Amino acid sequence: MDFSAALPVADVVAFNRPAIDWHAASPELILLGFGALLTLVDVIFLDRAKQYTAALAGIGLLVTMVPILTLANDMSETGPRVMFDGAYVIDEFSLIMKAIFILSGYVVILLSTNYIAEGDYWESEYYGLMLSAILGMVVMASSRDLISIFVAFELLSIPSYMLATWKKRSLESNEAGLKYYLMGVFASAIMLYGMSLLFGASGETILTKVNASLSSDPLTGESLSSSTPVLTLAVIFVIVGFAFKVSAAPFHNWAPDTYSGAPIPVTAFLAVASKIAGFVALVQLVFVGFYARADVFQPLMWILAAASMIIGNLIALRQTDIVRLMAYSGVAQAGFILAPLAVAGDVGDQALASIVSYLAIYAAMNLGAFAVILAAARKTGSTSIESMNGLFSYAPGLAVAMTIFMFALAGIPPLGGWFAKFQIFFAVVEQGGTWAIILGVLLAVNSVIALYYYASVARRIWADQAPDGDLTPIRIPPSLGAALVLTVVATLVFGFLPGAVSQFTDVGLIAGG
Amino acid sequence: MEITSNWYLILSALLFSIGAIGLLIRRNPLVMFMCVELMLNAVNLSFVAFGDRLGDIAGQVSVFFVLVVAAAEVVVGLALVVAISRRRATTTADDLSVLRG
Amino acid sequence: MISLIAQITTGDDLLVAQNIFWWFFALVTVLAGIKVVTTDNIVHAALYLVIVLAGVAVQFVFLGSEFAAVTQVLVYIGAIVVLLLFGIMLTRGSLGDDQLVDTERRGMGALVALLLFGLMAFSLVDGFEDVVLPEDTRNLIEVEVPIDTDIDDDEFIRTQRGSDTAAIGDTIFESYIVPFEAVSVLLLAALIGAVVIARKE
């Protein structure tokens, strides 16, 4: 049957082969290749492959670092590489973020190696899903287009829902996954509606073009001095969608439950990589997509930042479980990272640089803390804070590492966290407005509150007696040890040589911002 | 009175609100999935309506992506519900009681 | 597509017919949507969902997006609802009756829904009421339209919008190739993960 008679089709449509910069796309392609290889190896060799899948995933991530380094090396000559009319951009920001995602993914795989092999888990599928989630993050770091951001967001979220429920026999893990899933799909629906409004109001999906049309009236071409209701609604919906992902208050309810129900390496993955991906999307949207609408996003970010810091810290004070403590501390830290966005319209470069440094340091110290929790749980089998009591008496190395991470999280010089916190504080105060000063005061007050609960963990480790006087040392497998060493070194280097971070975060990070 | 694209947008807003509230008041995970589908359909409708009024094909392209993602979401959601129902007698979101709120 | 029909047959009769149809389908869609949310029987909820999805497909046809309408029917009604029904079947009994929350909460829900809808409708009307955009000139084709003998000419040539489907395919593989590849990975990952999670030990 000839359908063309029934429904005439225009034959003028011509397909133009898109120009692809293969060098710029190679990190994604390598990661994709290793993901496919992992699946194939699992299918062909079945159980014999199990012991190699973790190594394969780790090697895949390390190989992916190679093109990222060569791209970074070329960056000074070529400048940002732009593909698909600005929908996919490789600039300094995206390369730094890709490196953070891949390295933290690597540390998570080191953490998982023994945990997954010794527990009752499906192994190769675990690493396959982990790689696809990391692929989603790597894609996210370059996506400068509403549809790409949405798809990358789903690619990193949907495997995470499944990983959170990977402890199949535990009802707690299943419920953690379901709760995370329901919150996640709700958030993505809200975000999508916001994106459709943005598309409708601007007529574009590419962020730079969205920004250009948000700053002027579509009818008259005059620049808009204040937002219209529909733009306000669109920006709020999109930001609220991502606020769920970064577990900013008041959208943080899923985080403590999901974190304590999921397997510990997955918790580390969710708390670090997945959360940073949410911030990357927010940064791209704010700095590229609707930078012109500072009158909308700044107050919203202010509220989210203040609420997250206060609620996160106050609830963290009452926690008795170390994973839940880390979850609420994560909420509070989300507030810290959102704070510069509340002044981004005025001090953009500084705000962006402070966020990027904080994210790098955040990854190192949080992954480290989860590594110690994981190591301690190998002996005690529990994640209550009491189980950390007297850690020093039987595992001095772990005790020192945990102290470093806790003090880094609290922001005590010369450990990593202080530099990140100061940069954020100065970026906020630099703006100088009343609201910015109030936010600065909140930042300072909350740093002090946070110091209390971090320090109390450290005190238990050093001063208290081990439960039941059991002093058998903890056997730390090599991969877990490597993860601990990597994170300790990173935390110390970021603290003693803050230049190591700020060197990368100077100016002109994000193309089109 | 002609049906302008504004009416489609308002229909979409209505469906979105119904879905959002359903998600908040219902406690059966499967019904909650359906409410998410309602919301995503509202999004699709508004993408197509905007695409139509703007003369931009990106509206319909978005529908394609939303549709695929929705399918993946439902698959994962059902797998989670089946896994939980194997382990307990009733599955309602209020009964997610092993974890404190 | 309805605009297409309206162009062919000038006159108010069709406009009235179009309006009646639009309002009928919109009303059915919304009522079915409310039933999805309020009905106590989960199987009924799934069936009402079919009505909503079909109603939205009809709206896509009104908007001239056959591709979206057809995929809506194939993927949503054909695959997603069937999956949901399977889910209901597999968890039957263990799910029990889905008693709705108490009436107080239902009232609160309705109130919040009205507020949300009011806010959205206000913004939409405010934002898009009077914006007139240039005529869509892409993808125009000339077709011969046979006309009843009332009019003198046997037939006449007119321009109308062609099908967008080819353009959608081109756009996906030109500008949106990265998200396209990403969703293909996503589908594979969802498939593998779902099998592992739902599988009996």
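## Chains B and C

In this predicted model, 71 residues of chain C are in contact with 62 residues of chain B, contact meaning that the C-beta atoms of two residues, placed from the backbone, lie within 7 Å. Six helices of chain C each supply at least two residues of the side that touches chain B: α2 (12-38), α3 (42-62), α4 (66-90), α5 (103-128), α6 (165-174) and α7 (177-198). Among these, α5(C) gives the most, with 12 residues. By class, the side of chain C that touches chain B has 50 nonpolar, 14 polar and seven charged residues. Here Ala, Val, Leu, Ile, Met, Phe, Trp, Tyr, Cys and Pro count as nonpolar, Asp, Glu, Lys and Arg as charged, and the others, Gly among them, as polar.

As to conventions, this is a predicted model in which local features need pLDDT of at least 70 and side-chain atom pairs count only at pLDDT 80 or more, while totals for chains, interfaces and linings use all residues. Residues are numbered from 1 along each chain as its sequence is written, and chains are lettered from A and ligands numbered from 1 in the order in which they are written.

## Chain C

Chain C has seven helices and two strands, arranged along the sequence as α-α-α-α-α-β-β-α-α. Helices (H or I, at least four residues) and strands (E, at least two) are DSSP runs, numbered from the N terminus. Of the 201 residues in chain C, 31% are buried, that is, 20 or more other C-beta atoms lie within 10 Å of the residue's own C-beta, placed from the backbone.

## Chains A and B

The contact between these chains takes 33 residues from chain A and 33 residues from chain B. On chain A, the elements that give two or more residues are α6 (146-164), α7 (171-202) and α10 (254-261). Helix α7(A) gives the most, with 18 residues. The side of chain A that touches chain B divides into 17 nonpolar, 10 polar and six charged residues.

## The largest nonpolar core

The largest nonpolar core has 307 residues; such a core is a set of buried Ala, Val, Leu, Ile, Met, Phe, Trp, Tyr and Cys residues joined through C-beta atoms within 7 Å. I134(A), M140(A), L359(A), M34(B) and V76(B) touch the most other members. Helix α14 (residues 348-380) of chain A gives the most to this core, with 22 residues. Domain 1 (1-100) and domain 2 (103-132) of chain C both contribute residues, so the core lies between them; the domain bounds come from an automatic or database domain assignment.

Beyond its neighbours within four places in sequence, M140(A) is in contact with residues including I149(A), F153(A) and V280(A).

Definitions and conventions:
A residue is buried if 20 or more other C-beta atoms lie within 10 Å of its own, exposed if 12 or fewer, and partly exposed in between; C-beta atoms are placed from the backbone.
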